[in-house]
Amino acid sequence: MVKEMYRQCLVEGFSGEGAQNERLFGSLEPLSLVIGLDAPEVAEIHEEIGALIYRQYLGKALKTGGIGDKEEQFLAQIKGVLDLDDAKCDVVVREQKVEYVSNLVNKLFLDPSVEAAAVTKVRDAAALYDVDLVEELEVNSFRLEKMFSVEVEELIDSGELDTGDTSALEEVCESLHVTEERAQEILQVIVQKKAVGGILQASALVRQDRADEMKEELDRMLRFASLLPGAVSTPGVSAELKQEMYMLYQASSLGSEID
């Protein structure tokens with residue numbers, strides 16, 4: 001009962017404002033002596049309440065913008081008022097950062113489809129708070145490779161990834177613990193799929209006498225294909241149709257140069 005009385009007084013102190021806070025905090029030590037709490041008991045309650053405040057405050061801060069100077073000042077104030085141990089406070093802060101990134105990963109795979117922007121958010125948060133997705137969160141290889149595939153596909157579509165500059169790909173590999181060999185395998189599957197889809201779409205446009213749109217589609221396909229070391233396999237399009245597409249593409253390209 002005595003401990004609960006002191007605990008409630010402490011919670012009330014943090015719920016008040018300005019001068020009211022200062023009066024309550026200033027009376028904590030006399031109060032603990034009057035009601036018969038010794039130093040270890042007071043420290044135990046302070047640690048309990050401090051950890052609770054840290055978790056609640058950090059949980060909200062991490063979701064709404066991160067931990068900046070304002071948040072650091074508030075946490076330092078709590079630490080000072082409750083005379084909390086630095087190491088224990090650091091542990092709580094670290095736990096909250098790790099939990100935040102873990103929640104982002106779990107939420108990512110709760111959605112029907114994994115979005116590139118969400119993957120980037122996970123990687124950015126992990127980098128900002130120095131959270132290792134494998135060593136600390138134990139994210140399995142399936143999820144890591146799925147995140148890698150989604151973000152690489154976005155890099156390809158946006159044109160950020162080309163044969164001359166693979167720095168963006170290297171950054172994603174490192175943060176998601178995907179080896180160079182495995183990254184090349186995944187990249188080849190993605191590019192092959194996009195290239196095949198592009199030539200099939202182009203062949204459909206040829207049949208509809210939409211040569212200009214066919215050329216645009218083939219231009220996209222060629223950009224994808226340039227990321228592959230060899231030829232793109234397109235078994236769904238006949239040799240005759242490929243020849244026709246090639247001639248139309250060549251004629252269209254020459255026409256553009258003349259214009």
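At what angle do helix α8 and helix α9 pack, and how far apart are their axes? In this predicted model, helix α8, which spans residues 141-158, packs against helix α9, residues 167-176, at an angle of about 165°, and the axes of the two helices are 10 Å apart.

**Overall fold**

- The chain has 259 residues, of which 37% count as buried.

**The packing of α8 with α9**

- Because an angle over 145 degrees counts as roughly antiparallel, and the angle between α8 and α9 is about 165°, these two helices are roughly antiparallel to each other.
- The crossing of α8 and α9 is right-handed.
- On the α8 side the contact is made by L144, M147, F148, E151, V152 and L155, which meet A168, L169, V172, C173 and L176 on the α9 side.
- Sorted by residue class, the contact of α8 with α9 has 10 nonpolar residues, no polar residues and one charged residue.

- The side chain of H46 reaches the backbone oxygen of L82 at 3.0 Å.
- V42 also lies in helix α4, and at 12% relative accessibility V42 counts as buried.
- Although V42 and L82 are 40 residues apart along the chain, their C-alpha atoms are separated by 9.4 Å.

**E217 in α11**

- E217 is found in helix α11, which runs over residues 211-225.
- Because buried means under 20% relative accessible area, E217, with a value of 15%, is buried.
- What does the side chain of E217 make a polar contact with? The partner is the side chain of R220, at 2.8 Å.
- When neighbours within four places in sequence are left aside, E217 is in contact with G198, Q201, A202 and L205.

**Two loop residues with positive phi**

- D83 has a phi near 55°, a positive value in a residue other than glycine, and D83 lies in the loop between α5 (69-82) and α6 (86-108).
- Is D83 buried or exposed? With a relative accessible area of 68%, D83 is exposed.
- D209 likewise has a phi near 55°, which is positive in a residue other than glycine, and D209 is found in the loop between α10 (180-207) and α11.
- Because residues over 50% relative accessible area are exposed, D209, at 70% relative accessibility, counts as exposed.

Technical notes
Residues are numbered from 1 along each chain as its sequence is written. This is a predicted model: local features need pLDDT of at least 70, side-chain atom pairs count only at pLDDT 80 or more; totals for chains, interfaces and linings use all residues. Side-chain values use heavy atoms; hydrogens and water are left out. Axes are lines fitted to C-alpha atoms, for helices over the stretch in contact, and angles run from 0 to 180 degrees between N-to-C directions. Helices (H or I, at least four residues) and strands (E, at least two) are DSSP runs, numbered from the N terminus. Angles under 35 degrees count as roughly parallel, over 145 as roughly antiparallel, 65 to 115 as roughly perpendicular and the rest as oblique. A crossing is left-handed if the near helix is turned anticlockwise from the far one by less than a right angle, and right-handed if clockwise. Contact means heavy atoms within 4.5 Å. Ala, Val, Leu, Ile, Met, Phe, Trp, Tyr, Cys and Pro count as nonpolar, Asp, Glu, Lys and Arg as charged, and the others, Gly among them, as polar. Buried means under 20% relative accessible area, exposed over 50%, partly exposed in between (1.4 Å probe, protein chains only). A polar contact is a pair of N or O atoms within 3.5 Å; within protein, one must be able to donate a hydrogen and the other to accept it, and residues adjacent in sequence count only if both atoms are side-chain atoms.
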